[in-house]
Amino acid sequence: MKFVEMDPSTTFRQQLASADSHPVVLINRFSVPPEFEPDFLELWQEDAAFMLDHGCLGAQMHKGTGGSTSFVNIALWENAQAIAKAFASEEFQSLIARYPDTCTISPHLFTRIAVPGVCVA
């Protein structure tokens, strides 16, 4: 699997090093060749099960419409430390090693913000 930063000015690795203890939202964009889609979804299901046992509070996968080969996972995590520990584990590294190099991944961490009259934090 090829790793592509979503935001080069703040890398995913930098985000994982955060000492903040508040919940974070992982948004992870995948680019998946059409012929690999069924295998991708099976592998991601196993990855998600692992994550749900290691600090992930819930996850949802989305697929682009109109024949898109893009998928987006949105997951709520306890904090950046939990996701850093899960991602660094040997078990998770062996899980993601099963994806072919033709897939790309772009994970990034976010926090909710308030926008007056639209949404609350």
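Modeller: Contact here means heavy atoms within 4.5 Å. The structure is a predicted model.

Biologist: With which residues is Trp77 in contact, leaving aside its neighbours within four places in sequence?

Modeller: Trp77, found in strand S4, is in contact with Pro23, Val24, Leu26, Met51, His54, Gly55, Cys56, Leu57, Ala82, Ile83 and Ala86.

Biologist: Why is Trp77 called buried?

Modeller: Buried means under 20% relative accessible area. Trp77 has a relative accessible area of 1%, so the residue counts as buried.

Biologist: What makes Phe3 partly exposed?

Modeller: The term covers the range between buried, under 20%, and exposed, over 50%. Phe3 has a relative accessible area of 42% and therefore falls in that range. Phe12, at 4% relative accessibility, counts as buried.

Biologist: How many aromatic pairs does the structure hold?

Modeller: There are seven aromatic pairs. In one of them, the rings of Phe3 and Phe12 have their centres 6.4 Å apart and their planes at 40 degrees.

Biologist: What makes the pair of Phe12 and Phe87 edge-to-face?

Modeller: The planes of these two rings stand at 65 degrees, which is over 60, so the pair of Phe12 and Phe87 is edge-to-face. The centres of the two rings are 5.3 Å apart. This pair links distant parts of the chain, as Phe12 lies in helix H1 (residues 12-16) and Phe87 in helix H3 (residues 80-88), 75 residues apart. Both Phe12 and Phe87 are buried. Ring pairs also link Phe3, Phe12, Phe50, Phe87 and Phe92 into a cluster.

Biologist: Which residues have the most contacts inside the largest nonpolar core?

Modeller: They are Phe12, Leu26, Met51, Trp77, Ile83 and Leu109, in a core of 17 residues. Helix H3 gives the most to this core, with five residues. Apart from it lies another core, of twelve residues, including Phe30, Phe36, Phe40 and Phe71.

Biologist: What makes S1 and S3 edge strands of the sheet?

Modeller: Five strands form an open sheet in the order S1-S5-S2-S4-S3, with mixed pairing. Strand S1 (2-3) and strand S3 (56-63) each have a single partner strand, so one side of each is left without a neighbour in the sheet.

Biologist: How do you know that S3 and S4 pair?

Modeller: Two strands pair if at least two bridges are found between them. S3 and strand S4 (residues 70-77) have seven bridges, in the antiparallel sense, and therefore count as paired. His62 stands opposite Val72 in S4. Helix H2 (residues 37-52) lies across strand S2 (24-31), S3 and S4, running at about 165 degrees to S3. Helix H3 packs on the sheet as well, touching S2, S4 and strand S5 (104-110).

Biologist: Is Asn28, at 4% relative accessibility, buried or exposed?

Modeller: The value of 4% is under 20%, so Asn28 counts as buried. Asn28 lies in strand S2, and a polar atom of its side chain lies 3.4 Å from the backbone nitrogen of Ser106.

Notes. Residues are numbered from 1 along each chain as its sequence is written. This is a predicted model: local features need pLDDT of at least 70, side-chain atom pairs count only at pLDDT 80 or more; totals for chains, interfaces and linings use all residues. Side-chain values use heavy atoms; hydrogens and water are left out. Rings of Phe, Tyr and Trp (its six-membered ring) pair if their centres lie within 6.5 Å; planes under 30 degrees apart count as stacked, over 60 as edge-to-face and the rest as tilted. Buried means under 20% relative accessible area, exposed over 50%, partly exposed in between (1.4 Å probe, protein chains only). Helices (H or I, at least four residues) and strands (E, at least two) are DSSP runs, numbered from the N terminus. Axes are lines fitted to C-alpha atoms, for helices over the stretch in contact, and angles run from 0 to 180 degrees between N-to-C directions. A polar contact is a pair of N or O atoms within 3.5 Å; within protein, one must be able to donate a hydrogen and the other to accept it, and residues adjacent in sequence count only if both atoms are side-chain atoms. A nonpolar core is a set of buried Ala, Val, Leu, Ile, Met, Phe, Trp, Tyr and Cys residues joined through side-chain atoms within 4.5 Å.
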